[in-house]
Amino acid sequence: MRLNEKTLPAFVFIILYILTFPAAVAHGTDTLKSVDAPGDLSTLEQQVLSELNLARTHPRQYASHLLELRKHFKDRNLHRSGNVIIETREGVSAVDEAVRFLRSAKPLSPLKRSEGMSRGAGDHVREQGPAGMTGHDSADGKKPWDRVSRYGKWQRTIGENISYGSDDAGMVVMGLIIDDGVPDRGHRKNIFNPEFRVAGVACGPHAIYGTMCVMIFAGGFLEN
């Protein structure tokens with residue numbers, strides 16, 4: 001198995017970092033309740049998965065959401081309701097680039113939800129959230145594929161995005177698509193990777209950033 005890991009700051013929500021875990025070639029075979037009940041998706045988790053699928057299946061139409069967001073930029077700052085100011089690195093140029101991408105992107109099939117992958121994502125939320133940790137590695141050095149492998153067998157390819165700081169599904173997914181400050185747009189590539197067919201999502205409280213959401217993608221998953 002060959003793996004290249006890259007962790008880069010992106011779309012900064014005050015001091016928020018969204019992290020990406022690029023895809024790896026695999027075996028060659030084809031409110032916030034998830035931390036307590038990993039078999040059921042919370043409202044936020046359902047919304048994140050639905051938002052990912054909306055972007056994948058209707059990319060041209062989804063560009064309109066980014067254009068609406070663009071109206072709230074002043075210089076490099078995104079102004080939200082409640083006097084919240086989101087500092088970005090690239091400003092509207094990253095939004096415009098993302099819009100161009102969406103307008104030229106081909107529609108993809110929706111991601112099917114995997115319970116086992118959601119449980120693996122939930123394990124990461126339960127460990128990191130109370131401790132205020134960030135990153136893709138577990139405290140014992142386990143990787144994303146190690147966590148989901150407790151619950152089944154992933155197939156072909158696997159990737160992970162993590163968002164810290166937003167409890168709004170639209171902002172989570174738009175931030176990952178815009179990928180502000182990430183030169184290779186690794187989060188966006190994960191979302192629009194046609195090799196990804198299934199996904200697990202888990203969100204929960206985070207001691208420093210308020211909320212975190214883990215999204216893990218794979219070419220397939222055989223549930224235990």
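**Close-up 1. Aromatic pairs in the predicted model**. The count comes to 3 aromatic pairs. One of them joins Tyr164 and Tyr209. Their ring centres lie 5.8 Å apart. The planes meet at 55 degrees, so this pair is tilted. Tyr164 belongs to strand E6 (residues 152–164). Tyr209 sits in the loop between strand E7 (198–206) and strand E8 (210–223). The pair therefore ties together parts that are 45 residues apart in sequence. Tyr164 and Tyr209 are both buried.

**Close-up 2. The stacked pair Phe196 and Phe217**. The ring centres of Phe196 and Phe217 are 5.5 Å apart. Their planes stand at 20 degrees, under the 30 degrees cut-off, so the pair is stacked. Phe196 lies in the loop between helix H7 (186–191) and E7. Phe217 lies in strand E8. Parts 21 residues apart in sequence are therefore tied together by this pair. Phe196 has 0% relative accessibility, so it counts as buried. Phe217 is also buried, with a relative accessible area of 0%.

**Close-up 3. Arg188 over the face of Phe101**. Arg188 is placed at 5.0 Å from the ring centre of Phe101.

**Close-up 4. Helix H1 against helix H6**. H1 spans residues 43–57 and H6 spans residues 169–178. Their axes come within 8 Å. They cross at roughly 40 degrees, so H1 and H6 are oblique to each other. The crossing is right-handed. On the H1 side, contact is made by Leu44, Gln47, Val48, Glu51, Leu52 and Ala55. H6 contributes Ala169, Gly170, Val173 and Ile177.

Definitions and conventions:
Residues numbered from 1 in each chain as written. Predicted model: local features only at pLDDT ≥ 70, side-chain atom pairs only at ≥ 80, totals over all residues. Heavy atoms only, no water. Phe/Tyr/Trp six-rings, centres within 6.5 Å; stacked < 30°, edge-to-face > 60°. Helix = DSSP H or I, 4+ residues; strand = E, 2+ residues; numbered from the N terminus. Buried < 20%, exposed > 50% of the residue type's maximum accessible area, 1.4 Å probe, protein only. Lys NZ or Arg CZ within 6 Å of the ring centre and 35° of its normal. Axes fitted to C-alpha atoms, helices over the stretch in contact; angles between N-to-C directions. Parallel < 35°, antiparallel > 145°, perpendicular 65-115°, else oblique. Left-handed = near helix turned anticlockwise from the far one by under 90°. Contact = heavy atoms within 4.5 Å.
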